[in-house]
Amino acid sequence: MRDVLLTDIFNHHIAQKYVTRSGLVHAIACAYHAFQYAKEQNVDVDSAAKAAFLHDIGHYTWYKNGNWDYDLYRQNDIHAIKGAERAHKLLIRLGENPVKAKEIALAILFHTDSYFPGGEIVRTPLQEIVKKADEKDEEPGGSHHYRQIEIERAFRILKRLDKKIDKVYGELK
Ligand SMILES: [Fe+2]
C-alpha cells in the first residue's frame, strides 16, 4: 500500500498552482514515461512516476513583455533545486515515507544539467529515468510546457496511472 497517491498530490493546492504553471500535460506524460521505464528496469514505479510528475514544480516565470526570456532563464534558473525542495515539502505534508520523499527530491534535483556549470553527474537508475522521461516529452521551443488539458480529464488519467502502479505493487507481494 502506498502512503500517497498521484491523485493526492494532484489535488493539493501547491501542485495545482505550480505543476499547472509548468504544464500539466507535460507532467502527466513524463509520469507515464517514467512509470514505463521503471517497470522495464525494475526500479520503483511509484517513485519514478511521482518524481516525473513533479520534476518541473520549481519553475519560475521568466517572462518579459509576455514572452519567455531565455537569457533571463539561463542566467537565473534554479528550477531543479527549487523543485526538489518544493516537491519534498509537499510530499512530507501529504504523509509520504521520508526515505521515498528524499529519493524523489534527488531525482528532481538531477533531472536536468541545464543549471550545472559543467562536468558529468553520475545518476542512479531512478534519476536517469526521470531525466529520460522529461527528454522524451520535450518539444522544440519549450512548447511542451503550454499544452492544455481539462482538470477533470487530468485527474482521470492520473487515477489510471495510480491503478497501474498499484497493480505492479500487488504483483511484487
Ligand atoms: Fe520537463
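With what handedness does α4 pass α8? In this predicted model, the crossing of α4 past α8 turns out to be right-handed.

The protein has nine helices and two strands, and reading from the N terminus the order comes out as α-α-α-α-β-β-α-α-α-α-α. Its radius of gyration is 15 Å, close to the 16 Å that the globule rule gives for 173 residues, so the protein is as compact as a globular protein of that length. Along the principal axes, the C-alpha trace spans about 50 × 40 × 30 Å. As for annotation, an unreviewed UniProt entry carries "domain: HD/PDEase" over residues 19-148. Across residues 19-148 the chain is 62% helix and 3% strand, with the end C-alpha atoms 12 Å apart.

Now to α4 itself, which covers residues 45-54, and its packing against α3, residues 24-41. The axes of α3 and α4 come within 7 Å and cross at roughly 155°. An angle over 145 degrees counts as roughly antiparallel, which is why α3 gets that label relative to α4. Here, too, the crossing is right-handed, with α3 passing α4. On the α3 side the contact takes in A27, I28, C30, A31, H33, A34, F35, Y37, A38 and K39, and these meet V45, A48, A49, A51, A52 and F53 of α4. Sorted by class, that makes 14 nonpolar residues, one polar and one charged.

Helix α8 (residues 125-137) packs on α4 at an angle of about 45°, and the two axes are 9 Å apart. That angle makes α4 oblique to α8. From α4 the contact draws on S47, A48, A51 and A52, while α8 supplies L126, I129, V130 and A133. The tally for this pair is seven nonpolar residues, one polar and no charged ones.

Then there is α9, residues 151-172, whose axis lies 9 Å from that of α4 at an angle of about 155°. The pair is therefore roughly antiparallel. V45, D46 and A49 of α4 meet L161, I165 and V168 of α9. Five of the residues in this contact are nonpolar, none is polar and one is charged.

Technical notes
Residues are numbered from 1 along each chain as its sequence is written. This is a predicted model: local features need pLDDT of at least 70, side-chain atom pairs count only at pLDDT 80 or more; totals for chains, interfaces and linings use all residues. UniProt positions are given in the numbering used here, feature names are shortened, and annotations may be inferred rather than shown by experiment. Helices (H or I, at least four residues) and strands (E, at least two) are DSSP runs, numbered from the N terminus. Axes are lines fitted to C-alpha atoms, for helices over the stretch in contact, and angles run from 0 to 180 degrees between N-to-C directions. Angles under 35 degrees count as roughly parallel, over 145 as roughly antiparallel, 65 to 115 as roughly perpendicular and the rest as oblique. Two residues are in contact if their C-beta atoms, placed from the backbone, lie within 7 Å. Ala, Val, Leu, Ile, Met, Phe, Trp, Tyr, Cys and Pro count as nonpolar, Asp, Glu, Lys and Arg as charged, and the others, Gly among them, as polar. A crossing is left-handed if the near helix is turned anticlockwise from the far one by less than a right angle, and right-handed if clockwise. The radius of gyration is taken over C-alpha atoms; the globule rule is 2.2 Å times the number of residues to the power 0.38.
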